[in-house]
Amino acid sequence: MNHATPQVGAPVGTFTQLLSSTRRGARLARLLAVTELRSRGASHDLTERAELVVAELAANAVLHGRVPGRCFRLALALDPAADRLRVEVTDARGDLWPRPAPAEDGPGALPLGGRGLALVTALTDHWDCVPHPPGGKTVRAVLACG
């Protein structure tokens, strides 16, 4: 009896690192993401977009998600078969969720905050935020590789 063997795609490359909730930790998250993606042969375009997304999400985790004595976590999952990269940044503040910038109040008005998430929206195919028990949250962003 002949059985078809399912086609197995390229393995998903994952990377996870806990980092201190400091500006140095946010900078290290960005540098580690770039190094990891380059080592896995990700395209220059994907690496550049991911660098900006990680920088913004890590900065938000440090600025808005910091709890003294708690770290934040960076996770990357590069899936060549699905042609996508998933970026996850988890922090300890589940009570404070990201919000996109409000609409402008008038001509030439610049919002005081939230522009970074507009950048994340522009660079990713999708992003969302989910609870991370016991009391944190994870911001997830998906970037197409192609």
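Helices (H or I, at least four residues) and strands (E, at least two) are DSSP runs, numbered from the N terminus. This is a predicted model: local features need pLDDT of at least 70, side-chain atom pairs count only at pLDDT 80 or more, and totals for chains, interfaces and linings use all residues. Residues are numbered from 1 along each chain as its sequence is written, and side-chain values use heavy atoms, with hydrogens and water left out. Five strands form an open sheet here, and a search of the whole structure finds eight salt bridges.

**The sheet**

- Strands of a sheet pair through backbone hydrogen bonds, either parallel or antiparallel.
- In this model the strand order is β1-β2-β3-β5-β4, and the pairing is antiparallel.
- Two strands count as paired if DSSP finds at least two bridges between them.
- β1 (13-19) and β4 (126-132) are the edge strands, each pairing on one side only.
- From one strand to the next, the twist averages 15°.
- Strands β3 (residues 84-91) and β5 (residues 136-144) run antiparallel and are joined by eight bridges.
- V87 stands opposite A141 in β5.

**A helix on the sheet**

- Helix α2 (residues 44-64) packs on the sheet and touches β2 (72-79), β3 and β5; contact means heavy atoms within 4.5 Å.
- The direction of α2 makes about 165° with that of β5.
- Axes are lines fitted to C-alpha atoms, for helices over the stretch in contact, and angles run from 0 to 180 degrees between N-to-C directions.

**Salt bridges**

- A salt bridge is a side-chain nitrogen of Lys or Arg within 4 Å of a carboxyl oxygen of Asp or Glu.
- R30 pairs with E51, with the closest N and O atoms 2.9 Å apart.
- R30 lies in helix α1 (residues 23-39) and E51 in helix α2, so this pair ties together parts 21 residues apart in sequence.
- R49 and D45 meet in a salt bridge at 3.1 Å, N to O.
- R49 and D45 are four residues apart in helix α2, so about one helical turn separates them.
- D91 pairs with K137, with the closest N and O atoms 2.8 Å apart.
- D91 is in strand β3 and K137 in strand β5, so the pair ties together parts 46 residues apart in sequence.
- R73, R86 and E88 are linked in a network of salt bridges.

**Buried or exposed**

- Buried means under 20% relative accessible area, exposed over 50%, and partly exposed in between (1.4 Å probe, protein chains only).
- R30 is partly exposed at 23%, and E51 is partly exposed at 23%.
- R49 is buried at 15%, whereas D45 is partly exposed at 40%.
- D91 is buried at 8%, and K137 is buried at 4%.
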